[in-house]
Amino acid sequence: MSKQPLEGIRVVDLTDDKGELTGRLLADFGADVIRVEPPRGGSSRALPPIHDGESLYFAHRNANKRGITLDLEQAEDRDKLHSLLSRADLMVESFDPGYLSSLGLDPDQLPERHRHLICLSISHFGQHGPYRDWVATDATMEAIGGMLFKAGVPEKPPLIPPGAIAYDTAGIMAAFASMLALLQRERTGYGQYIDLSVLESLAQITDWSFPNASHVRSKASESVELRMGSGPMYTIYACKTGYVRLVILSPRQWHAMREWLGDPEYLRDPFYDGFIGRMSIADALMVTIGDHFATMTHEEVSFEAQRRGIVCTPVLTPEEVLENEHFKSRQTFVDGEYSPGRSGPMCSGFFELDGERQGYRQRAPELGEHDAPPEDIWPDERPQPEGPRPTPSSPLEGIRVLDFGIGGVGVEASRLFAEYGAEVIKIESRTYPDFMRVVMGTEMSASFASSSRSKQGFGVNLKNDQGISVIRDLIRHADVIVENNSTGTMDDLEIGYAQVEKLNPRCVMASSQLLGSRGVWADWLGYGPSTQPIGGLVHLWNYTDQEFPAGSGAIFPDHLAGRLVALVALAALLRRQRTDHGGHGEVAQCEAVTGILGDLLLKTGLAPGSVKPTGGRSDRGAPWGAFPCVGDQQWVVISIRDDDDWKMLRMALGEPEWAMDPALEDARERFARQDEIESHLTEWTSSRTREDVTATLQMMKVPAAPMFTATDQICDPHYQARGYPHWIDQQDLGWICMEGPAFHAPEMGRVRIEQAPKLGEHTRKICRELLDMNGEAIEELVANGALEVPND
């Protein structure tokens, strides 16, 4: 039987530019995805990076799909689309809100005509809200979505990240929403409409910004929301050759680092064992460590640090990424066609399921390559459900998840499961606590509360035989296990997938390790930000006038990897519907980075040396970047995509003499004179507020958006109109603001957002009600340390 979990699922893909990764991911899992383009071709066929006239942006995001052309402006082709939809399971589209409705193809009404159909719309700001009709680019979404304000240094403009993180994050969340709806349809028979916002998808992965900013402000303090490079937590150091990122969080890591420095007496104060203590001497410590690392190459530093149990990873260039021994040992890249007769290093895929890659199989389609009548594409129509549409319900109702996650990966995957109806049990121990719970010196932090919201807390000592025995009993009752511990940890505890499958053959396990569970560096230690250097992101996310990596305080890709873990778990659950057997899904966190940068790394392989830091500019158009406005660290991002945008920008500026130069009507000239144009544009924006600049440019349909901090986002009327900020009275913290959902799906009911549990808060309840243990047995296990409960 095929291990492709979505085999037999049919998808009509009407996305273009934003959200194209949705269909690619569904196709990676085996769905038959038909990319529908207008006869002139989709706009993404012209998007950079370009090599020999071919868009690698398109090639990367449309592999594994088939392609046809339809002119939706023509009634005949609209009829063909309806015929396709009668045969499809899912339609995904990313037109501007209102466009399809103007053609009589209202997306929210399509599931009424085709009652089996799931229809998902991806738009920048959602289908309703004050900013619904704003024009945007990935860059402007990075600004208003909360990714930009942490990147770069305060003396220079904030740094727009490379790639298309906002659009691809929306694509990943759209795939997640689609799989939820497919699972729900297994129960109800009915399709549904889903409204997904790029803005809210991106805001979900910006590092717990909402809860942390709101928690600080609730204590009558000002939240520091200013870019500080890599900062004191994820520090980058120069070596004799190259650079490394060092992360020291635990006392054990600090003691190992101190010993490497010669164990000087002035660093032995127990106060420095804690992160807060080390922050008090951060400047001096950075000098001491920097001097030490300057005597070695970045490879020597990284290997010796890892040998000592210290989290340290080398900053790799794109060329070094492609030649890296670990990526080669994992076959992270395969030599594959990106267009007919042309091949290069294609990313092999984000996922593995039961040891098999779920990824690249074939190149993206040529324009109209698979044109055919709908009945030849898919011969049979899908059966229509009978009876009234069911009342809204949670799609994961009845699913039980054991969450062994720590930090920001596994916990984010299980958080999504909890929000959509699953019963999630957070497995913890005071001996080895989730470090995000205790990072602030207590047993609750705002970051932990965000990722462990809506869960039950179960305290158990996994080093205790009786504790492990209880866990095995829980596994027998579980549908999904999520874990992102160090490579081999679950096997060492004898609860790895081989043991889980024997205990509960229907159970799905979803794992995520820093560099994957296999490969020559598989045993390396690290956190999400440790993968940024290895994957090439730190090198590329930089200014053009400096070599030292500027860095970002973002913990990317932690939250994104968590969503990929949730995806592979959902895919395995969908497969279980037909096989009645679980499976083991895996996501290597480093491949979340290489996958997001896949088109840029492909360009590197085809033209070494061609992919470099851009400082926030883009090959897509000019001018393009962040511009200062009135006020302290107030910025707006402006993106000029084409000649039409340039003409509208000139009008918005009042047609100043410098902008009326006829030569600037040619994009090539604008690229050549970017410094001059940016100087004039900066003069204009600097005398205006970011709100004034944005309003003026949006009135002329020029892509522009303010750079928002978390505090800005929480207070913004569009976020509020969409119902995105969720205020929770969190035990041990007080009122904090949680991030809301990335999509609105009325048939799924209201997402569940409740406070996070105390450590072991539900231990007794779960033992009594789920495991049928009597009170005396439970208290005996608590007394001997096998089980743990709240201290109070």
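# Rings, helices and arginines

Biologist: Is Phe293 buried or exposed?
Modeller: Phe293 is buried, at 0% relative accessible area. Buried means under 20%, exposed over 50%, and partly exposed in between (1.4 Å probe, protein chains only).

Biologist: What kind of model is it?
Modeller: This is a predicted model: local features need pLDDT of at least 70, side-chain atom pairs need 80 or more, and totals for chains, interfaces and linings use all residues. Residues are numbered from 1 along each chain as its sequence is written, and side-chain values use heavy atoms, leaving out hydrogens and water.

Biologist: OK, rings. How many aromatic pairs are there?
Modeller: The count is 22 aromatic pairs. The rule takes rings of Phe, Tyr and Trp (its six-membered ring) with centres within 6.5 Å; planes under 30 degrees apart are stacked, over 60 edge-to-face, the rest tilted.

Biologist: How are Tyr131 and Trp134 arranged?
Modeller: Tyr131 and Trp134 are stacked. Their centres are 4.0 Å apart, with 15 degrees between the planes. Tyr131 has 12% relative accessibility, so it counts as buried.

Biologist: Back to Phe293. Which ring does Phe293 pair with?
Modeller: Its partner is Tyr237. The centres are 5.4 Å apart and the planes sit at 80 degrees, so the pair is edge-to-face.

Biologist: Where do Tyr237 and Phe293 lie in the chain?
Modeller: Tyr237 is in strand S9 (residues 235–238), while Phe293 is in helix H12 (residues 282–293). Helices (H or I, at least four residues) and strands (E, at least two) are DSSP runs, numbered from the N terminus.

Biologist: Tyr237: buried or exposed?
Modeller: Tyr237 is buried, with a relative accessible area of 7%.

Biologist: Which rings link into a cluster?
Modeller: Phe29, Phe350 and Phe351 do, through ring pairs.

Biologist: Now H10. Which residues of H10 are buried?
Modeller: Helix H10 covers residues 251–260. Its buried residues are Gln253, Trp254, Ala256, Met257, Arg258 and Trp260.

Biologist: And what do the buried residues of H10 pack against?
Modeller: They pack against two strands, S10 (243–247) and S11 (311–314). They also pack against helix H11 (275–279), H12 and helix H13 (298–307).

Biologist: What comes just after H10?
Modeller: Gly262 does, with a positive phi of about 100 degrees.

Biologist: Switching to arginines. Where does Arg576 lie?
Modeller: Arg576 is in helix H25. With 6% relative accessibility, Arg576 counts as buried.

Biologist: What is Arg576 in contact with?
Modeller: Setting aside neighbours within four places in sequence, Arg576 contacts Ile399, Asp479, Arg506, His581 and Gly582. Contact means heavy atoms within 4.5 Å.

Biologist: Which residues of H25 meet H26?
Modeller: In H25 they are Asp558, Leu560, Ala561 and Leu564. On the H26 side they meet Gln589, Ala592 and Ile596.

Biologist: And Arg641, where is that found?
Modeller: Arg641 is in the loop between strand S23 (635–639) and helix H28 (643–652). Arg641 is partly exposed, at 27% relative accessible area.

Biologist: Which residues does Arg641 contact?
Modeller: Again leaving aside neighbours within four places in sequence, the contacts are Ala136, Thr137, Arg620, Gly621, Trp624, Lys701 and Pro703.

Biologist: What separates Arg641 from Tyr193?
Modeller: Their C-alpha atoms are 31 Å apart. Along the chain, Arg641 and Tyr193 are 448 residues apart.
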